[in-house]
Amino acid sequence: MPQKELVTIDNDVKTKFNQYNAVKTNLASLQRRQQGNLATKSLAPIVDPSLLVTDSEYLETHLIAVPKNFKKDFLKEYETLAPMVVPRSSVEIDQDEEFTLFAVTTFKKHSAEFLQKCREQKWTPRQFKYVEGGREEEQRELDRVTNEERKVCGEALRMGRTGWSESVMVWIHVLTLRVFVEAVLRYGLPLEYLSALIKTTTKQSDKVKAALDNKYAFLGGNAFGRDKRGRVTKDDAAFSSEMAAAGLATGEGQEYTAYVYYQVEFP
């Protein structure tokens, strides 16, 4: 039952955090389109549709983002990059710190060649199709995803905290059962045991452990003794002999204590 609860909690938390990551990625993509440079950002708020040839059977307008240090080269060479580029058709639309955006008109039959030549010159052709109300629609989508990201983030945090709390409760429940079962196996009947949770810090844990060893050393039989000053000492040789005689082995790295305990570290 506890294992099934943990699996359910884990799946629910993972599902919610996956949902949050998807929304966050979508939001980051939309923000890049709003805040990037002219080679990557959305052109809907920038391009005046009157600059575009949209209703011609033979002509079409291309938008080219040119690095600012290549601006003069572009103006000198764009007319000869491909056949049938409309002379003096370049129009500077906008510029930022990195790029200048130009509109250039060519005949459709040579558009592909012109765009390829631009790429070879490290100039970036931008795909853009004017849509009525596109700018407002992009802003509405950004606002919607921003609100969704905030909502899902809150839900993920709440579910994470709840899942952590419930997981710890299940974890402690299992450890309590293990302590009880091991105590019965070690000490037998009657069931006169004391169970407790001791909260400490990393720096104080060794001191607490030493105090417990001293307090309950009498339960360890020959495995524990005392020196001349009355301090508890462990007789590992005697303990190993007793465990071997009983047909048991402690295993490497397993420390014997006179009491049953499990150490739990929380972040």
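The legends below describe close-up views of a predicted model.

Residues are numbered from 1 along each chain as its sequence is written. Because the model is predicted, local features need pLDDT of at least 70 and side-chain atom pairs count only at pLDDT 80 or more, while totals for chains, interfaces and linings use all residues, and side-chain values rest on heavy atoms, with hydrogens and water left out.

View 1. The protein has a mean pLDDT (the predictor's confidence in each residue, from 0 to 100) of 83, and 85% of its residues reach 70 or more. Over residues 246–253 pLDDT stays under 50, and the model has three contacts (heavy atoms within 4.5 Å) for them beyond four places in sequence. Where pLDDT is low, the predicted coordinates should not be read in detail.

**View 2. The buried side of helix H3.** Helices (H or I, at least four residues) and strands (E, at least two) are DSSP runs, numbered from the N terminus. In H3, which covers residues 111–120, Ser111, Phe114, Leu115 and Cys118 are buried, where buried means under 20% relative accessible area, exposed over 50% and partly exposed in between, with a 1.4 Å probe and protein chains only. These residues lie on the same side of H3 because they cover an arc of only 95° around the axis, the arc being that of the directions from the helix axis to the C-beta atoms. The buried residues of H3 pack against strands E1 (59–67), E3 (99–107) and E4 (124–126). After H3 comes Lys122, whose phi is positive, near 70°.

View 3. The structure holds seven salt bridges, each defined as a side-chain nitrogen of Lys or Arg within 4 Å of a carboxyl oxygen of Asp or Glu. One of them joins Lys14 and Asp10 at 3.2 Å, N to O; the two are four residues apart in H1 (residues 2–35), so about one helical turn separates them. Lys16 forms a salt bridge with Glu155, with the closest N and O atoms 2.9 Å apart. This pair links distant parts of the chain, since Lys16 belongs to H1 and Glu155 to helix H4 (residues 134–187), 139 residues apart. Lys16 is buried at 15% relative accessibility, whereas Glu155 is partly exposed at 22%.

View 4. Glu182 is partly exposed at 28% relative accessibility, and Arg186 is partly exposed with a relative accessible area of 30%. Salt bridges that share partners also join Glu141, Arg144 and Glu148 into one network.
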